[in-house]
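The structure is shown below.

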Amino acid sequence: MDVLADLLSRAHARGSVFSSLALKPPWGAAFSGTRPLTLHALLLGDAYLETGAPHPVALSTGDIVLAQSGNPYNIVSTPGAAATPIADLRGEGSAADGTAELLCGAYTLEGTVCDGLLDTLPRFLILRADEQGPALRATIELLSNEVEHESPGQQTVLDHLLDLLLVYALRDWFERPDSDPPGWYDALADPALGRVLRAIHSRPSVHWTVASMATLAGMSRAAFARKFAATVGTPPSTYLTNLRMDLAATALLLPNSTLATVATSIGYTTEFAFSDAFKRHHGTTPGRWRAEHRAAAAGG
């Protein structure tokens with residue numbers, strides 16, 4: 001089980017391209033900053049990212065920006081250029097005769113599974129073209145080629161490429177010396193700890209104990225517990241509980257889910273034990289949590 005892929009898939013992290021524009025200066029795109037995670041790829045030309053900081057950030061062909069929710073921001077051809085809301089912005093010409101090609105996509109993230117992952121990222125994550133690995137550069141090239149001409153199934157292709165781009169971008173970021181990756185990401189490089197992490201993500205309903213995890217790692221219980229806590233940042237039992245509770249929060253929102261089925265899916269034998277653990281972790285009962293989040297999703 002690939003832990004990064006598991007977190008993204010369980011959070012239903014799916015990308016969708018919502019804008020691909022060829023732009024001639026002066027131009028500016030305004031973003032509300034309300035989406036959980038937005039990606040901007042400058043496929044052609046130069047631009048500036050204005051975030052409210054004293055100085056805008058210069059962007060060049062091939063650069064990628066991952067933006068988390070927060071204050072509004074702009075991407076413009078020159079600092080101070082008038083910015084139009086992205087929904088109202090219209091491109092001019094094509095990639096062949098435009099001076100900039102800007103692709104924007106948004107990711108849907110459900111539940112709390114990805115919260116710990118996003119907490120390790122800056123509000124604006126910028127990956128320069130010359131800092132990207134070969135897989136990420138190849139995906140950018142595929143995106144650039146795909147947007148040049150309309151073809152059958154194009155939106156589906158772009159959306160899938162956007163999913164790949166997120167994984168590659170996170171990989172490249174976590175490998176940078178100035179990044180602060182989550183502890184589990186560092187632990188994956190350790191054969192013993194990585195084996196345990198992949199197993200509990202693959203089978204969270206198993207009756208895992210520190211002893212059984214240590215056996216899987218091929219270590220003594222005490223040595224495993226010390227190494228896991230030092231590398232991941234939490235004791236193994238705490239990590240397992242956090243994972244299960246995040247999975248439960250997401251599962252509770254699925255159609256036709258019951259407390260019994262959710263409890264069983266993450267390793268609890270009774271609804272009472274699950275409800276008690278959920279309340280300790282989330283501060284409210286599973287039923288109340290589900291009702292509040294469904295009401296919020298419905299705008300109630």
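Asp276 is partly exposed, with a relative accessible area of 37%; buried means under 20% relative accessible area, exposed over 50%, and partly exposed in between (1.4 Å probe, protein chains only). Its salt-bridge partner is Arg280, at 2.4 Å from N to O, and Arg280 counts as exposed at 62% relative accessibility. A salt bridge is a side-chain nitrogen of Lys or Arg within 4 Å of a carboxyl oxygen of Asp or Glu. Both residues belong to helix H11 (residues 271–282), where four residues, about one turn of the helix, separate them. Helices (H or I, at least four residues) and strands (E, at least two) are DSSP runs, numbered from the N terminus.

The model is predicted: local features need pLDDT of at least 70 and side-chain atom pairs count only at pLDDT 80 or more, while totals for chains, interfaces and linings use all residues. Residues are numbered from 1 along each chain as its sequence is written, and side-chain values use heavy atoms, with hydrogens and water left out.

| Salt bridge | N to O distance |
|---|---|
| Arg280 and Asp276 | 2.4 Å |
| Arg128 and Asp63 | 2.9 Å |
| Glu131 and Arg176 | 3.0 Å |

Arg128 forms a salt bridge with Asp63. Arg128 lies in the loop between strand E10 (124–127) and helix H3 (134–148), and Asp63 in the loop between strand E5 (57–59) and strand E6 (64–68), so the pair ties together parts that are 65 residues apart in sequence. Asp63 is buried at 4% relative accessibility, whereas Arg128 is partly exposed at 26%.

Glu131 and Arg176 also meet in a salt bridge. This pair links distant parts of the chain, 45 residues apart: Glu131 is in the loop between E10 and H3, and Arg176 is in the loop between helix H4 (154–174) and helix H5 (183–187). Glu131 is partly exposed at 40%, and Arg176 is buried at 18%. Together with Asp178, Glu131 and Arg176 are linked in a network of salt bridges.

H3 and H4 pack at an angle of about 160°, with their axes 9 Å apart; axes are lines fitted to C-alpha atoms, for helices over the stretch in contact, and angles run from 0 to 180 degrees between N-to-C directions. The two helices are therefore roughly antiparallel, a term for angles over 145 degrees. Residues in contact (heavy atoms within 4.5 Å) include Leu136 and Leu143 of H3 and Leu161 and Tyr168 of H4.

Note on methods. Parallel < 35°, antiparallel > 145°, perpendicular 65-115°, else oblique.
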